Amino acid sequence: MPVPNIDEPEPTDIELGAVLHALSDATRLAVVLQIEADGERCCGALDVDVAKSTLSQHLRVLREAGITRTRACGNQRWVSLRRDDLDALFPGLLDVVLKAADRTAAVR
């Protein structure tokens, strides 16, 4: 029997303010950029310069905002973008934010 997804909001419960807040942090934005570029990632394979406990908190914020979906597979957690839900609710928002983040990262 498959393990259900970790608790996340229904698409109708995703709020713009929560999405914008979640995307306003550089670490969370780096996580979203990695998942966008590579597809679903094991949480332990995310390349961010923070402690595991801090990463867990960032992943929680992204999940609770409705940006990511987390699924359990044994003792691993896999994270993916909820792009279809976000694009349906806020057309173009994720594209604009990720493009701006890419441009900002290139300057650094």
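Good morning. The structure holds 9 salt bridges, a salt bridge being a side-chain nitrogen of Lys or Arg within 4 Å of a carboxyl oxygen of Asp or Glu. This is a predicted model, in which local features need pLDDT of at least 70 and side-chain atom pairs count only at pLDDT 80 or more, while totals for chains, interfaces and linings use all residues. Residues are numbered from 1 along each chain as its sequence is written, and side-chain values use heavy atoms, with hydrogens and water left out.

I begin with Arg-69. Glu-8 forms a salt bridge with Arg-69, with 2.9 Å between the closest N and O atoms. This pair links distant parts of the chain, 61 residues apart: Glu-8 lies in the segment before helix 1 (16-23), and Arg-69 in strand 2 (residues 68-73). Helices (H or I, at least four residues) and strands (E, at least two) are DSSP runs, numbered from the N terminus.

Are these two residues buried or exposed? Glu-8 counts as buried, at 18% relative accessibility, whereas Arg-69 is partly exposed at 26%. Buried means under 20% relative accessible area, exposed over 50%, and partly exposed in between (1.4 Å probe, protein chains only).

Arg-69 also meets Asp-85 in a salt bridge, at 3.8 Å from N to O. Asp-85 lies in helix 4 (residues 83-89) and Arg-69 in strand 2, so this pair ties together parts that are 16 residues apart in sequence.

Within helix 4, Arg-83 and Asp-87 lie 4 residues apart, about one turn of the helix. Their side chains meet in a salt bridge of 3.2 Å, N to O. Arg-83 is buried, at 18%; Asp-87 is partly exposed, at 28%.

Finally, salt bridges that share partners join Glu-8, Arg-69, Arg-82 and Asp-85 into one network.
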